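The sequence and structure are shown first.

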Amino acid sequence: MKTLKPYLKYLSDAQIEEINEGSMSLLENTGIMVDHQEGLEFLEKHGAKVDYQTKRARIPRKLVTRALETVPDRFTLAARNPEKDCPLIPGGRPYSRNGGGADFTIDLETGEFRPLLHADVKEYYKLMDALEGISFIAPVFGQDMPVIGRDILMLREAFGNTDKPIHLRAFTGESLKLMFEMAAIVAGGKKELKERPIVSLLEAPISPLKFLDVTVDALWLCGEYGIPLDVCVMPIAGGTGPMTMAGNLQLLNTEFLAGVVISQLANPGAPLQYAARPMAMDMRTGFSMAGSVELGMMASAGAQMARFYNVPVSLHGPWSDSMSHDGQSILERTYMNTMAALSGANVLVGAGMMQQSLVISQEQLVIDDEINRIAFRAVEGFEINEEHLAAEVIDRVGPGGNFVADMHTYKFLRSERFETKLLYHNSRESWEEGGSTTLVDRAKEKALIIIKEHQPNPLPEDLGKELDEFVSKALKSLEK
Amino acid sequence: MSNNFEQMQKDLYDGKFSEVEAATKTALDEGMGAQDILNNGLVAGMEIVGRDFKSGELFIPEVLMCARAMHAGLEVLRPLLAESGAASMGKIILGTVTGDLHDIGKNLVSMMLQGAGFDIVDLGTDVKPEQFVAAVRDEGADIIGMSAMLTTTMPSMKSTITALKEAGIRDKVKVIIGGAPVTSKFAEEIGADRYAPDAGAAVDTVRELLV
Ligand code: B1M
């Protein structure tokens with residue numbers, strides 16, 4: 001039998017109840033602002049008290065409870081290649097994705113900070129396709145790509161360069177629908193897409209307690225197409241959320257429940273994740289921080305709330321404010337990711353990303369691949385049974401002996417340990433012989449090799465053609 | 001008298017707004033001039049606050065509390081200052097540029113500038129170049145501050161500057177820009193007057209431009 005899931009717990013059962021109660025009464029009394037006429041009418045029809053002047057909807061507890069009843073406790077982020085599916089199950093193993101939306105990079109060859117370009121985008125997808133510790137892929141954007149339809153073009157690149165699940169970013173409601181249509185083409189139809197959603201989406205209400213029209217539209221469109229949705233709640237403690245950790249958590253949980261209501265009442269059973277992404281304002285500058293130990297603590301408590309509601313949870317994992325893939329970056333990422341994984345996150349988000357989510361780097365992706373796989377290993381626990389406890393072996397070797405040449409060692413040699421190629425554990429002599437490389441040097445070398453050699457599984461030619469035709473029509477329709 | 005100012009500055013630093021308000025009234029009763037109280041009490045107090053904010057000793061919410069105390073005093077002085085025409089330190093139009101809905105940074109800049117005593121006209125988010133131009137005309141502002149958080153919306157900062165030129169009022173206002181992807185190099189390229197990396201720097205920049 002495996003060891004227990006080593007889940008961190010900050011909240012007692014009573015505290016979880018208290019936060020849940022607090023959210024219920026905030027939704028009922030304070031309510032949310034919904035900048036969407038139809039959305040307000042929809043909520044009113046279901047029993048919310050709506051003030052159309054202030055666009056405020058006050059949501060009674062029984063509505064929330066009903067919405068919670070239909071949220072699925074598990075679903076799969078499907079991949080074009082089913083071997084790369086990511087089933088998200090409470091208590092299941094974590095998966096990970098890169099941070100999305102960056103359009104600056106640190107040049108792999110020169111180390112210079114510069115805009116990300118279309119040519120880089122292909123390399124990024126290739127690299128992430130090859131890295132095992134990056135389970136699915138979010139877009140990065142080329143600044144030289146046309147502004148209108150950039151999201152659609154990036155999805156086209158993604159389909160061509162990876163067979164992992166793809167996470168979307170849409171600039172408009174119109175392009176979102178077009179992207180779902182593209183996904184349907186690749187999946188083999190709208191019905192097939194619903195059965196095996198090969199794309200997923202993130203949508204965020206505006207803290208505190210405000211839902212934009214585009215957000216409501218996206219929540220509903222996801223439901224209609226059966227696309228898994230991250231209900232991404234990200235109040236910035238001390239800015240758009242209370243300064244206290246408990247208060248920020250209270251707000252975050254309330255916003256999540258509001259998202260559940262809007263999603264589930266329209267499309268019962270629509271797959272969604274509790275994306276608890278608490279942030280904190282740096283009170284000296286106003287910037288919103290990515291790395292800070294309190295973020296890890298709040299997110300961990302958020303994961304407990306997700307388990308209470310029985311929904312998969314996505315947390316910031318390898319995450320940092322650093323300007324480059326330096327020591328700060330690795331320090332912040334490692335503790336953020338470890339805390340998130342040990343909190344039971346189904347998805348660890350952030351690989352590669354730094355500087356207020358503006359910048360992504362290839363070296364960082366390679367390092368984060370390692371950080372992620374270490375985290376996967378940490379939550380996996382270890383086997384405990386007679387053979388693994390090895391009393392018989394200890395007896396056989398006896399006091400003063402050693403285990404190196406024992407059959408037991410030989411048997412478990414390769415199954416017990418995480419194998420690293422990036423971290424160095426050898427002698428100084430051979431380190432010097434190998435060029436005295438740092439972790440970042442080795443990550444760079446690995447990235448260069450992958451980009452040169454890795455061949456992603458291509459889209460079948462006819463599908464590629466069909467997509468291209470669709471994309472050129474889509475771009476024309478957007479330009480109008 | 002300098003003693004009183006010292007106490008006023010200390011209360012201001014501690015965010016004690018009713019004390020600052022009372023001290024301002026007392027100073028007036030004792031026959032001091034409004035401009036004198038403003039310069040040597042309130043503004044001097046905020047300078048200390050600004051210095052400690054810059055050195056990292058004070059946090060933004062503390063600065064905003066100090067500002068609230070400063071305003072409590074300023075409100076007492078305002079009618080008197082208005083008579084002498086010295087009521088406003090400057091008027092700034094702020095907005096997040098067209099296509100962009102991020103407003104947290106812009107709001108922070110607005111709060112800090114108001115705290116420093118400037119008048120703010122906040123045009124909100126998704127502000128088009130012609131709206132900035134119209135606001136300059138209608139409000140007679142000294143400075144336009146534009147915020148952009150998306151690489152894709154940054155170009156519209158340039159459009160605003162072009163629109164100001166076309167309207168023949170570019171030389172009437174200074175233009176400051178900011179936001180996470182924005183840089184000083186970009187500011188130079190598009191012909192903005194200044195770039196400010198954060199809300200504190202925005203206050204300093206405005207001060208420098210208006211002096
Ligand atoms: C006039 O003079 C000045 C002077 C200084 C000025 C100034 C003006 N303005 C700002 N400053 C400066 O002072 C402040 C510090 O004192 C600083 O202000 P900031 O605004 O930088 O900092 C704030 C105080 C705190 N920071 C923030 O408020 C931004 C935080 C992040 C997480 C963020 C948020 C919160 C949001 N987002 Co958006 N968002 C991200 C951000 C990533 C990150 N971690 O930073 C960013 C900016 N977003 C991004 C994106 C892509 C998007 N967002 C979108 C939406 C949103 C929300 C609505 C959900 C929300 C905004 C809520 C709101 N009320 O503003 C979408 C666009 C919507 C739109 N049309 O605008 C969408 C397109 C997402 C999508 N749907 O796919 C990315 C931009 C990438 C790029 N390079 O272009 C992004 C970096 C995250 C990412 N990687 O995806 C300085 O820049």
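How many bridges join strand β7 of chain A to strand β20 of chain A, and in which direction do the strands run? In this predicted model, two bridges link β7(A), residues 104-106, with β20(A), residues 359-360, and the strands run parallel. V359(A) of β20(A) is the bridge partner of F104(A).

Both strands belong to an open sheet of four strands with mixed pairing, ordered β8-β7-β20-β19 in chain A. At its edges lie β8 (113-115) and β19 (353-354) of chain A, each of which pairs on one side only. Helix α12(A) packs on this sheet and touches β7, β19 and β20 of chain A, its direction making about 80 degrees with that of β7(A).

Helix α12(A), residues 362-380, also packs with helix α17(A), residues 439-453, at an angle of about 105 degrees and with axes 8 Å apart. The two helices are therefore roughly perpendicular to each other. Among the contact residues are V366(A) and I367(A) of α12(A), and L439(A) and V440(A) of α17(A). By class, the residues of this contact comprise seven nonpolar, one polar and five charged.

The domain assignment divides part of chain A as follows.

About 2100 Å² is buried between domain 1 and domain 2 of chain A, with carbon and sulfur atoms giving 76%. I16(A), I19(A) and H36(A) supply 25% of the area that domain 1 buries against domain 2, more than any other three residues.

How values were computed. Residues numbered from 1 in each chain as written. Chains lettered and ligands numbered in written order. Predicted model: local features only at pLDDT ≥ 70, side-chain atom pairs only at ≥ 80, totals over all residues. Heavy atoms only, no water. Axes fitted to C-alpha atoms, helices over the stretch in contact; angles between N-to-C directions. Parallel < 35°, antiparallel > 145°, perpendicular 65-115°, else oblique. Contact = heavy atoms within 4.5 Å. Nonpolar A, V, L, I, M, F, W, Y, C, P; charged D, E, K, R; others polar. Pairing = 2+ DSSP bridges. Domains from an automatic or database assignment. Buried area = accessible area lost by both parts, 1.4 Å probe.
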